[in-house]
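I opened the notebook for a friendly look around this one. Here is what I looked up, entry by entry.

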Amino acid sequence: MKAEHYVGGVFRSDGPAFPLIAPVDGTELGAVPEATREVVDDAVAAARAALKGPWGAMAAEERAAALRRVADGVQARFEEFVDAEVADTGRPRAFAETVDVPRAVGNFRAYADLLYGRPERAYTTRVPGWSSGTGEALNYTVRRPLGVVAVVSPWNLPLLLSTWKIAPALACGNAVVAKPSEETPSTATLLARVMDDAGLPPGVFNLVHGHGPGAAGEFLTGHPGVDAIAFTGESATGAAIMRNAADHVTPVSFELGGKNPALVFADADLDAAVDGTVRSCFTHSGQICLCTERVYVERPVFEEFVSRLGERARALDGYGPMISAGHRDKVLSYLRLAREEGATVVAGGGAPEFGDARDGGFHVQPTVLTGLPETARAVREEIFGPVCHVAPFDTEDEALALANDSPYGLAATVWTRDLSRAHRVAPRVETGIVWVNCWNLRDLRTPFGGVKASGIGREGGEYSLDFFSEPVNVCVQI
Ligand SMILES: NC(=O)C1=CN([C@@H]2O[C@H](COP(=O)(O)OP(=O)(O)OC[C@H]3O[C@@H](n4cnc5c(N)ncnc54)[C@H](O)[C@@H]3O)[C@@H](O)[C@H]2O)C=CC1
Ligand SMILES: O=C(O)/C=C/C=C(\O)C(=O)O
């Protein structure tokens, strides 16, 4: 798969090239063009021009039809998308087949569907006491697109997360300039091919490749021609983007890091809790922002839970690598640090040896730790790998205090058979998402995002459509 920029309806590969490395075995997959400031300028200008063309005048139904053509186009090239995502990320093929590509198709279909039934105008009538001034008026609110939207996405779920933003941005009538992670350019390039085939007018969707700081990401997010930024990635990157966007007061929607807690009560179905925690800690080798990294277990079942989780972690097979040598080294450095801080390693704890080509790749063993104080860096900082720390608690209040003692607030899981407890605890967990007796069960209409350092705003369903459009009130004196 050759990575290319897509600007104003034209594929191009100008800019210096950098190598794309396969995380599964460390081999070189190809070269990626690094977008210069000029390429980014061209992309923003093409997007601006597209808003003045047929796209800007298109009815919602026609935009919905365009999104459906894109969904069909991704579906038609299903295997190519799977191949590209597997090559770039090293993830198990089944994951790309069941999560990444179907969800990308679903993202376009969901927002096409949502455009129907969304009132184009919302009316208010005069209510005494709520209105000032004299005379009767008819107020109505119309929604218009924001303009040029920058979509900056990470490497962990490349196609899923970029389309999660691109689809609603286009649904609302914006033009998009997308910058995928430098580690995972391939499915984005394929998506540009699909957009081209689907007949989107030139400039409605643009793609630039390259790095973040001092490069394409920074050029794009600080660009005066960008009207909004949708970003998923690390919290520190979100802060850097916000500083850059501040000069132009560009609105942002941020989905950032997490240090997600799981609360396992003694009354839980322990089989389900162990099963769910294996999934929530180790899916995609922990490289999903929703993954659990802190597990708190009520003391009567603590020993049994740790022993069963450790056993399951040791038995995991066929897990994928970390995205890069750099990220593998970061995760391993946390494991060294955890040992220095006094951790007991129940399972894993290092890099595996396979005795085959995978030893050239960037793997880390699924790891279960115990015994660290809550102040330990491995308990407080996002590791973003297959690593969890398990600690005991004695009371519901203590469990909540432990869960909430974090600068992050993205997602939590609560495991209990006691419905009253579930409803009592869930609203008191300081995260944007709380799953009870499940993990990552997703309905694309629900609010998705984090509190504290885990994000700004919500995406999903109407929440995305609200971010990617601007309400304008029209007041007509009668
Ligand atoms: N919570 C989450 O959703 C994710 C968290 N991470 C965490 O972030 C760490 C670093 O991973 P990265 O992929 O490098 O994440 P990142 O947050 O640095 O990068 C995400 C995207 O932002 C771009 N970017 C980076 N710096 C930028 C800047 N100053 N201005 C504009 N764009 C910029 C990157 O090129 C990429 O497209 C990981 O080790 C992991 O801990 C990574 C991916 C997702
Ligand atoms: O939308 C989903 O189902 C998953 C989202 C995951 C992230 O946002 C992430 O890992 O960064």
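**Entry 1: ligand 2.** Before reading any distances, I noted that a polar contact here is a pair of N or O atoms within 3.5 Å. I also kept in mind that this is a predicted model. With that settled, I asked which residue has a polar side-chain atom 2.8 Å from an oxygen atom of ligand 2. Arg103 turned up with that distance, and Arg442 also places a polar side-chain atom 2.8 Å from a ligand 2 oxygen. For Asn156, I read 2.7 Å between a polar side-chain atom and an oxygen atom of ligand 2.

Besides Arg103, Asn156 and Arg442, they include Leu157, Leu160, Leu161, Ile288, Cys289, Leu290 and Phe448.

**Entry 2: ligand 1.** How many residues are around ligand 1? I found 29, and Ser153, Trp155, Glu182, Glu234 and Lys330 come nearest. I followed up on Lys330: a side-chain N or O atom of Lys330 sits 2.7 Å from an oxygen atom of ligand 1. For His327, I got 3.0 Å from a side-chain N or O atom to a ligand 1 oxygen. Thr237 has a polar side-chain atom 2.9 Å from an oxygen atom of ligand 1.

**Entry 3: a helix pair.** Next I turned to helix H4 (residues 78-89) and helix H7 (residues 186-197), whose axes come within 8 Å and cross at roughly 155°. Angles over 145 degrees count as roughly antiparallel, so I put H4 and H7 down as roughly antiparallel to each other. On the H4 side, I noted Glu80, Phe81, Ala84, Glu85 and Asp88 in the contact. They meet Ser186, Thr187, Leu190, Leu191 and Val194 of H7. Sorted by class, this contact of H4 with H7 has five nonpolar, two polar and three charged residues.

**Entry 4: the annotated span.** Last, I checked the record. An unreviewed UniProt entry carries the annotation "domain: Aldehyde dehydrogenase" over residues 16-471. I looked at that span in the model and found 41% helix and 20% strand. The end C-alpha atoms of residues 16-471 lie 41 Å apart.

Notes: Residues numbered from 1 in each chain as written. Chains lettered and ligands numbered in written order. Predicted model: local features only at pLDDT ≥ 70, side-chain atom pairs only at ≥ 80, totals over all residues. Heavy atoms only, no water. Axes fitted to C-alpha atoms, helices over the stretch in contact; angles between N-to-C directions. Helix = DSSP H or I, 4+ residues; strand = E, 2+ residues; numbered from the N terminus. Parallel < 35°, antiparallel > 145°, perpendicular 65-115°, else oblique. Contact = heavy atoms within 4.5 Å. Nonpolar A, V, L, I, M, F, W, Y, C, P; charged D, E, K, R; others polar. UniProt positions renumbered as here; feature names shortened; annotations may be inferred. Near = heavy atom within 4 Å. Polar contact = N/O pair within 3.5 Å; in protein donor to acceptor, adjacent residues only side chain to side chain.
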